[in-house]
Amino acid sequence: MNHEIEALAELRAEFERVALQSSSQRWRTAWRWRPLVAIVVVVLGGATAALAAGLIHFGKPVTAGRHLPSPAVGNGTVRPATVKLLAVHAPDPAGGLPWGMRLSITTHGKGCLEVGRLDDGRLGVIGQDNAFGNDGRFHPLPAALAATSPDCVRLDGQGRLIHNEIAGDVPASGLSASGLIVAGHGCRPPNAIAPRRVLCPLRDERNLYFGLLGPEATSLTYSAVNGTLHTITPVGPDGAYLIVQRAAKPTPGHINNALSGSLYPSPPITEVTYRNGLHCNFANPRKLPPRACQFPPGYVTAAPDGP
Amino acid sequence: MAAAEEFIELYDREAESILVFFARRTFDAELALDLTAETFAQAWRSWGRVRSGGREETRGWLFTIARRQLSRYRRRGRVERRALQRLGIQTPLVGEDDVGRIDAAAELEPLREALGDELALLGADQREALQLRVVDELPYVVVAEQLGISEATARARVSRGLRALARALDPIATEGGRR
């Protein structure tokens, strides 16, 4: 069933997980202590498994790595009423669940973007690529974890986030796709300096380009893996965009698992246009764009922090 | 039907009613979700004993747990989370869109207006705290800052204020409510 209130749907996933776990424990106990019942279990097992298969869709939610976000340090904690699933999504090159993006504001006035796989309006991680024991389930990503991202940035002078990010060599599972510090390990990029960890197959590596261009942006052009240019319209008042591409074969000097953010985008995004007629070209990463493009229309410089 | 499947069916049928029940009595979407989560966690722990009851009977039982939760919250000024913790359940955060949806489902706007009239009858401390939290919808941390008190004290004042208004509000809260 679809609950229109997203938090109720997330809570349902939690109860579904707990209820099913508990049911399977009861079956195990019964089997151990009542051998005769086991015969019946064998007969009915197929039906029970089929029933469970229909329900086992959600897995355990993603949890924080080392420490939970703290109100006192770093980005602070996510202010619950600010969490917003953005109306932007992108298909995965291999199909399956699309990718989505969420915006949160923290108690320290920072904006955080999270990217992950999208299932029925929820952001999460798929149990594959060595994440969650490859259980194939959808693991919801609690919004509170957004504050663990190293790339939360200060809001502009109007309390708005204008920001562009690149996340390279992200596993298709979506685990830690936007740099969140979460528990558990997925696979590592094929040329990572971590030989003892499981390496991702290249076919499961993704490069993600995402961000918020602000309310004045009217179009964004990017270059696909095969070199063709695509122009898209940024979504909603935040000017959101999300591009997912297969990662290319690693080359010497290639940076693994890189995450970088800035006020203006960089390739494969080649051009952004604005309502006032401004065209900003970002095709050449070695050439600094004009100041009007470095500080895009709609961006208001924030007042400096007090002493 | 398996106990797990029956329980999820109960959740699908009643979760929004329980959430609305709490929202109309606390004027706080986040708090309402916390109380809803603990109510269902407690319900799951006793589910084996109750699941054979009829639909109305089960609904009545669930609302009894909910009323008990609300009464504990009003007494202590904090939400009990014991059953949630035992089950290892994380309560999700309530996003901006959800706050609007919960407000609409619980029809909180007319209730907020009614509350404004009743506020005049309270003591200054509780009136200010309720005004900031419920009428102006400010987060507790801002309420505390504006009143120069700790967040815990702000929560306690709002909780006591709502309790004091409960008699006046309950008929209004129930009217149009689902339960």
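User: How many helices and how many strands does chain B have?
Analyst: This is a predicted model, so take what follows as a reading of predicted coordinates. From the N terminus on, the elements of chain B run α-α-α-α-α-α-α-α-α-α. The count for chain B is ten helices and zero strands.

User: And what percentage of chain B counts as buried?
Analyst: Chain B has 179 residues. Among its contacts with a separation of 6 or more, 68% are between residues 24 or more positions apart. The buried part of chain B comes to 41%.

User: Which helix gives the largest share of the side of chain B that touches chain A?
Analyst: On the chain B side, 30 residues are in contact with 30 residues of chain A. Helix H1 (3-26), helix H2 (29-45) and helix H6 (96-105) of chain B each supply at least two residues of that side. By class, the chain B side divides into 19 nonpolar, three polar and eight charged residues. The largest share, ten residues, comes from H1(B).

User: How does H1(B) pass H4(B), in a left-handed or a right-handed crossing?
Analyst: The axes of H1(B) and helix H4 (residues 55-76) of chain B come within 11 Å and cross at roughly 35 degrees. On H1(B) the contact uses Leu10(B), Glu14(B), Ile18(B), Phe21(B), Phe22(B) and Arg25(B), and on H4(B) it uses Thr58(B), Arg59(B), Leu62(B), Ala66(B) and Leu70(B). Sorted by class, that contact has seven nonpolar, one polar and three charged residues. As for the hand, the crossing is right-handed.

User: Which element supplies the largest share of the largest nonpolar core?
Analyst: That core has 115 residues, and those with the most contacts inside it include Val115(A), Phe210(A) and Leu242(A) as well as Leu19(B), Ala23(B), Ala32(B) and Trp44(B). In soluble globular proteins, nonpolar side chains tend to be buried together. Here the largest share of the core, eleven residues, comes from H1(B).

User: Leaving aside its neighbours within four places in sequence, which residue of chain A is in contact with Leu19(B)?
Analyst: Leu19(B) is among the residues with the most contacts inside the largest nonpolar core. Within chain B, its contacts beyond four places in sequence are Ala32(B), Leu33(B), Thr36(B) and Ile102(B). From chain A, the contact is Leu8(A).

User: Over to chain A: how many helices and strands does it have?
Analyst: Buried residues make up 42% of the 307 residues in chain A. Residues 24 or more positions apart account for 66% of its contacts with a separation of 6 or more. Its elements are three helices and 14 strands.

User: How many residues of strand S2 of chain A are buried?
Analyst: In a regular strand the side chains alternate between the two faces of the sheet. Trp99(A), Met101(A), Leu103(A) and Ile105(A) point one way from S2(A), while Gly100(A), Arg102(A) and Ser104(A) point the other way, and all are buried. For strand S2 (residues 99-105) of chain A, that makes seven of its seven residues.

User: What is the bridge partner of Gly100(A) in S3(A)?
Analyst: S2(A) pairs with strand S1 (residues 84-90) of chain A in the antiparallel sense over four bridges, with Leu85(A) opposite Arg102(A). Seven bridges join S2(A) to strand S3 (residues 110-119) of chain A, also antiparallel. In the hairpin of S2(A) and S3(A), Gly109(A) takes a positive phi near 70 degrees. The partner of Gly100(A) in S3(A) is Gly116(A).

User: Where in chain A does Pro268(A) lie?
Analyst: A cis peptide bond joins Pro267(A) and Pro268(A), with omega about 15 degrees. Pro268(A) lies in the loop between strand S12 (259-262) and S13 of chain A.

User: Is Phe132(A) buried or exposed?
Analyst: Phe132(A) has a positive phi of about 50 degrees although it is not a glycine. Its place is in the loop between strand S4 (122-126) and strand S5 (138-140) of chain A. Phe132(A) has 21 C-beta neighbours inside 10 Å, so it counts as buried.

How values were computed. Residues numbered from 1 in each chain as written. Chains lettered and ligands numbered in written order. Predicted model: local features only at pLDDT ≥ 70, side-chain atom pairs only at ≥ 80, totals over all residues. Contact = placed C-beta atoms within 7 Å. Nonpolar A, V, L, I, M, F, W, Y, C, P; charged D, E, K, R; others polar. Buried ≥ 20, exposed ≤ 12 C-beta atoms within 10 Å, placed from the backbone. Pairing = 2+ DSSP bridges. Axes fitted to C-alpha atoms, helices over the stretch in contact; angles between N-to-C directions. Left-handed = near helix turned anticlockwise from the far one by under 90°. Core = buried A, V, L, I, M, F, W, Y, C linked by C-beta atoms within 7 Å.
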